[in-house]
Amino acid sequence: MKYKVTYLREVVSFISKGIAPKYVEKDSIDSVRVVNQRCNRNNRISLQNSRLNNLKMRNVPKIKYLHKGDILINSTGVGTAGRVAQIKENFDKPVTFDGHMILIRGNSQIDSLFLGYYLEKNQRVIEQFAEGSTGQTEINRERLLDELVIKFPTSVDEQRRLAEKFRLLDRKIDLNNQINDNLVEFDF
């Protein structure tokens, strides 16, 4: 199997920080769900801690709506900067992300699911790109793009095959966690 070794910049088609939301309490036709750093835990995005943006006060460019395959990295804060999660299923309704997160989309050289798993595996390295004073650290996007080494099979089909293996393992882990949760709730 042939591999290519390069920097993240070479496999990224789009990278951006999120919006600065104008929050609203009630869901309506004029609102959109916004994920934030609290939504990114254990390499998963949960809408549980998300909030709503008022579209009349802060429009969201179409390119900043999240889709299956998108990768989010927390960009600020000690202990949170560098956390990686990938959107593995489309949302039922439109969802965007706030300015404390970085969105990464891969290009045609790399399967998006493979790239997501690769970045999750390298989360500790990504955390090292945080710079700044105590409590005000932020991921340096230029360093992330120019210094993070990516090694991947040149065949996109091979990337997909490997990513599918990881996805099946994730599903088994999720199922085991559900079983464990049910056992904890079971009253002996």
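Tutor: In this predicted model, a residue is called buried under 20% relative accessible area, exposed over 50%, and partly exposed in between.

Student: Is Phe166 buried, exposed or partly exposed?

Tutor: The relative accessible area of Phe166 is 38%.

Student: Is Tyr117 buried or exposed?

Tutor: Tyr117 has a relative accessible area of 8%. The limit for burial is under 20%, so Tyr117 is classed as buried.

Student: How many aromatic pairs does a search of the whole structure find, and what is the geometry of the pair formed by Tyr117 and Phe166?

Tutor: The search of the whole structure finds two aromatic pairs. In the pair of Tyr117 and Phe166, the centres are 5.4 Å apart and the angle between the planes is 50°. Planes under 30 degrees apart would count as stacked and over 60 as edge-to-face, so this pair is tilted.

Student: How many residues apart in sequence are the parts that this pair ties together?

Tutor: Tyr117 belongs to helix 1 (residues 112-121), whereas Phe166 belongs to helix 4 (residues 156-185). The pair therefore ties together parts whose separation in sequence is 49 residues.

Student: Over the ring of which residue does the charged end of Arg51 sit?

Tutor: The charged end of Arg51 is 3.7 Å from the centre of the ring in question. That ring belongs to Tyr23.

Key:
Residues are numbered from 1 along each chain as its sequence is written. This is a predicted model: local features need pLDDT of at least 70, side-chain atom pairs count only at pLDDT 80 or more; totals for chains, interfaces and linings use all residues. Side-chain values use heavy atoms; hydrogens and water are left out. Rings of Phe, Tyr and Trp (its six-membered ring) pair if their centres lie within 6.5 Å; planes under 30 degrees apart count as stacked, over 60 as edge-to-face and the rest as tilted. Helices (H or I, at least four residues) and strands (E, at least two) are DSSP runs, numbered from the N terminus. Buried means under 20% relative accessible area, exposed over 50%, partly exposed in between (1.4 Å probe, protein chains only). A charge sits over a ring if NZ of Lys or CZ of Arg is within 6 Å of the ring centre and within 35 degrees of the ring normal.
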